[in-house]
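This report describes selected structural features of one protein chain, for use alongside its sequence and coordinates.

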Amino acid sequence: MTDSEMTSLIQSLHGDKLHEECGVFGVYNHPDAAALTALGLHALQHRGQEAAGIVSFDGEKFQSERRLGLVSDNFTKASVIDRLEGTSAIGHVRYSTTGETALRNVQPLFADLAGGGFACAHNGNLTNALTLRNELVQQGAIFQSTSDTETILQLVARSKRGRTIDRLIDALFQIQGAYSLVVLTNKKMIGARDPLGIRPLVLGDLDGSPVLASETCALDIIGAQFVRDLENGEIVVINEDGIESIKPFPQMKPRPCIFEYIYFSRPDSILLGKSVYNCRKNFGAMLAKESYVEADVVTPVPDSGVPAAIGFAEHANIPFEMGIIRNHYVGRTFIEPTQLGRQLGVKRKHNPNKAHVTGKRVVLIDDSIVRGTTSVKIVQMMREAGATEVHMRIACPPITHPDFYGIDTPTQDQLLAATHSMEEMKEYIGADSLAFLTIDGMYRAMGYEEGRNKDLPQFTDHCFTGDYPTALTDREGDEDFRQLSLLQEQG
């Protein structure tokens, strides 16, 4: 295998998972605001590993630290936290879904507005950001980043409304897509959720200090108490007088993203009253009910497949074993130039636990199949370890459509399930059998016995159904204006 072929293989393996969107966090009126925000972002690191940032406010000035890399690499030194003075702070961890990985795109983004400073952290993706950006540029707006989040700042800055909250609402009425926002101004911290509630946002309390976070696990790490989920279309305004709830949008039935339960949220988080861990176990149990197969052992593709594999094993009454051991200390961009490195590169992340695989009929449980390249290697690994049969079971329906709401998915022609039949997918990955959780089975596992409501779907599930819940304005526009910036940053 040549160097270029090995590079291509590693890139394809890296691209064979749905990448996390982003995570947001904020705390108001606490003396350790920046340190707490760093801890909260550490708990949300699974939602984005490319960059992290914190903006704090000390009553007079805003301080900003935005870095490429992990939270633990950038925000553990006292000298960094000490520079983030103030009793209020917001933070963000990022995986880029729009805009390249460059420091100018690292959030929270900050702007000096007529009413004072305005820092914004955004989880999600806007489906009309490119269209709005093009219109704003034509009107003379100057963009400093290639992030769709800056579109929100530009709309707030150009609003004719008086109060900051009214300017923000004015901006939100112009955008489409998915967002959970945490905003910090001179006097307020604001949380906002899109009208369908596609992206999560929770409110917590730490000894009287309000906290906003993408997931409850970020509350747990700082010892904050969960108060409630923000409702779809809700804005909360937090200041020294308390917390005000505003619902400016026409009432809509919520449609949270089902992938939060399948893959993105941490298993120990509670999302809209449901344990993410239990939901994943239920997916596995329903998968066993729908596609049982005679086998000797059930093993997950770690780590995301573990809860579903436990549920499958319990329902099927087949022993659960960790037949694959994951190496947690693998750099994401590791490419070894030597011949030995090329030979071992594919096994750098997963290794078979031969004692529980050799001579066994194995059921492999994974959370999803995207391109299928990882599944090919895992099935091959099981066979080389001595498995007599390898049956692949996937704890979600086939992914047939790309996402435009903050999940980094390949284009449709790169999605295995969009271009192959079930039999063709089975042959491609080399399994003895292959089955996915059905769409109705997924809904039943979530507690909806009637399955998916086709008229009013309970979740945002377009990756399986093609039923996009909002307009995809940018996709319908001119592809030529997708060049967002002429500046190519190095490093």
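## Surroundings of a strand residue

Val183 is a residue of strand β7, which spans residues 177–185. The model is a predicted one. With a relative accessible area of 1%, Val183 is buried, since the cut-off for burial is under 20%. Setting aside residues up to four places away in sequence, Val183 touches Ile90, Phe118, Ala119, Cys120, Leu168, Lys188, Met189 and Ile190. The C-alpha atom of Val183 is also separated by 6.4 Å from that of Ala121, although these two residues are 62 residues apart along the chain.

## Helices

Helix α2 covers residues 33–43, and eight of its eleven residues are buried, so this helix is largely enclosed by the rest of the structure. The buried residues of α2 are Ala33, Ala34, Leu36, Thr37, Ala38, Gly40, Leu41 and Ala43.

A pair of helices may be considered next. Two packed helices are described by the angle between their axes and the distance between the axes. For helix α5 (residues 129–138) and helix α6 (residues 149–158), the axes come within 10 Å and cross at roughly 45°. The two helices α5 and α6 are therefore oblique to each other, and their crossing is left-handed. On the α5 side, the contact is made by Ala129, Leu132, Arg133 and Leu136, while α6 contributes Thr151, Gln154, Leu155 and Arg158.

## Aromatic pairs

How many aromatic pairs does a search of the whole structure find? The search finds eleven. Two of these pairs are set out below.

| Pair | Centre to centre | Angle between planes | Geometry |
|---|---|---|---|
| Phe404 and Tyr468 | 5.6 Å | 35° | tilted |
| Tyr443 and Tyr448 | 6.5 Å | 65° | edge-to-face |

The pair of Phe404 and Tyr468 links distant parts of the chain, its members being 64 residues apart. Phe404 lies in the loop between β20 (389–394) and α14 (416–419), whereas Tyr468 belongs to the segment after α17 (462–465). Phe404 is buried, at a relative accessible area of 17%.

Tyr448, in contrast, is partly exposed, with a relative accessible area of 28%.

Ring pairs also link Phe259, Tyr263, Phe264 and Phe464 into a cluster.

Notes:
Residues are numbered from 1 along each chain as its sequence is written. This is a predicted model: local features need pLDDT of at least 70, side-chain atom pairs count only at pLDDT 80 or more; totals for chains, interfaces and linings use all residues. Side-chain values use heavy atoms; hydrogens and water are left out. Axes are lines fitted to C-alpha atoms, for helices over the stretch in contact, and angles run from 0 to 180 degrees between N-to-C directions. Helices (H or I, at least four residues) and strands (E, at least two) are DSSP runs, numbered from the N terminus. Angles under 35 degrees count as roughly parallel, over 145 as roughly antiparallel, 65 to 115 as roughly perpendicular and the rest as oblique. A crossing is left-handed if the near helix is turned anticlockwise from the far one by less than a right angle, and right-handed if clockwise. Contact means heavy atoms within 4.5 Å. Buried means under 20% relative accessible area, exposed over 50%, partly exposed in between (1.4 Å probe, protein chains only). Rings of Phe, Tyr and Trp (its six-membered ring) pair if their centres lie within 6.5 Å; planes under 30 degrees apart count as stacked, over 60 as edge-to-face and the rest as tilted.
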